[in-house]
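Please look over the structure shown here before reading the points below.

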Amino acid sequence: MGRKVADLIGAALLVILGFAFAGGALSGLEVFGEGGRIGPGFMPFFAGAMLVVFGAMIGIGAWLGGRHGVGEGSPGDEPEGAQRTVAAVFLLTLAAILLVPLTGFLPAFGLLIFALVRFVEGRGLLLAAGTGVGGVIFAWVVFVLFLKIPLPGGVFVAGG
């Protein structure tokens, strides 16, 4: 498969995933709450909208045949390892998204960070675990404690 076709397929997948995120946020969660405060649907909606924008940018760039920025060069210049890394990150992120309804956001987010650090970056088990726990604590402090945004709790949490 040519580089242009692969980029177009990847861009289409990002756009579809973005629309799914944004649509899910709009259909099941409040994007904005009382008094203009952001609601629990704001982050999924914003992330979905950004995926649509970035996917469209990648698709337009692939369609027009232009490549800009880091790694500029002829199509196919990227090593296979970089392509595998991108695929691994995409698949791990998709797995984390699919885990959210079961485990809740925080455990799925922690597992995603752990897997990225351990398996994609190839770092040690202790560093990966610490980074995953630290990411969960950071997300909880920012979203739950300061912004007062309830995060999806999953099936194991009462009311989740």
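Which residues in α4 meet which residues in α5?

1. On the α4 side, the residues are Phe-105, Leu-106, Phe-109, Gly-110, Ile-113, Phe-114, Val-117 and Arg-118. They meet Leu-125, Leu-127, Ala-128, Ala-129, Thr-131, Gly-132, Gly-135, Val-136, Ala-139 and Trp-140 in α5. Contact means heavy atoms within 4.5 Å. By class, this contact has 13 nonpolar, 4 polar and 1 charged residues. Here Ala, Val, Leu, Ile, Met, Phe, Trp, Tyr, Cys and Pro count as nonpolar, Asp, Glu, Lys and Arg as charged, and the others, Gly among them, as polar.

2. A note on the source: this is a predicted model, in which local features need pLDDT of at least 70 and side-chain atom pairs count only at pLDDT 80 or more, while totals for chains, interfaces and linings use all residues. Residues are numbered from 1 along each chain as its sequence is written, and side-chain values use heavy atoms, with hydrogens and water left out.

3. Two packed helices are described by the angle between their axes and the distance between the axes. For α4 (residues 105–120) and α5 (residues 125–146), the angle is about 145 degrees and the axes are 8 Å apart. The axes are lines fitted to C-alpha atoms, for helices over the stretch in contact, and angles run from 0 to 180 degrees between N-to-C directions. The crossing of α4 and α5 is right-handed. A crossing is called left-handed if the near helix is turned anticlockwise from the far one by less than a right angle, and right-handed if clockwise.

4. The chain as a whole has 5 helices and 0 strands, and its pattern along the sequence is α-α-α-α-α. Helices (H or I, at least four residues) and strands (E, at least two) are DSSP runs, numbered from the N terminus. Of the 160 residues, 21% count as buried. Buried means under 20% relative accessible area, exposed means over 50%, and partly exposed is in between (1.4 Å probe, protein chains only). The chain exposes about 10,300 Å², and carbon and sulfur atoms supply 75% of that area. Accessible areas come from the Shrake-Rupley method with a 1.4 Å probe; for residues, only the protein chains shown count as cover. Among contacts between residues at least 6 apart in sequence, 55% join residues at least 24 apart.

5. Does the length of α2 agree or disagree with what its residues should span? Helix α2 (residues 42–64) has 23 residues, which at 1.5 Å a residue should span 33 Å, and its end C-alpha atoms are 33 Å apart, so the two agree. The expected span is 1.5 Å times one less than the number of residues. Helix α4, with 16 residues, reaches 21 Å from its first C-alpha to its last, close to the 22 Å expected. Just after α2, Gly-65 takes a positive phi of about 85 degrees; just after α4, Gly-122 takes one of about 70 degrees.

6. The buried residues of α2 are Gly-48, Val-52, Gly-55, Gly-59 and Ala-62. What covers them includes α1 (3–28). In α4, the buried residues are Leu-106, Ala-108, Gly-110, Leu-112, Ile-113, Ala-115 and Val-117.

7. Is Gly-18 buried or exposed? Gly-18, in helix α1, is buried, because its relative accessible area is 0%. Leaving aside neighbours within four places in sequence, Gly-18 is in contact with Gly-48, Leu-51 and Val-52. Its C-alpha lies 8.4 Å from that of Phe-45, 27 residues apart in sequence.

8. Ile-58 is in helix α2 and counts as partly exposed, because its relative accessibility is 41%. Beyond its neighbours within four places in sequence, Ile-58 is in contact with Asp-7, Ala-11 and Leu-14. The C-alpha atoms of Ile-58 and Ala-12, 46 residues apart along the chain, are separated by 9.1 Å.

9. Val-89 lies in helix α3 (residues 80–103) and is partly exposed, with a relative accessible area of 30%. Apart from neighbours within four places in sequence, Val-89 is in contact with Leu-116 and Val-120.

10. Gly-153 is in the segment after α5. Gly-153 is buried, with a relative accessible area of 18%. Gly-153 and Leu-102 are 51 residues apart in sequence and 8.2 Å apart in space, C-alpha to C-alpha.
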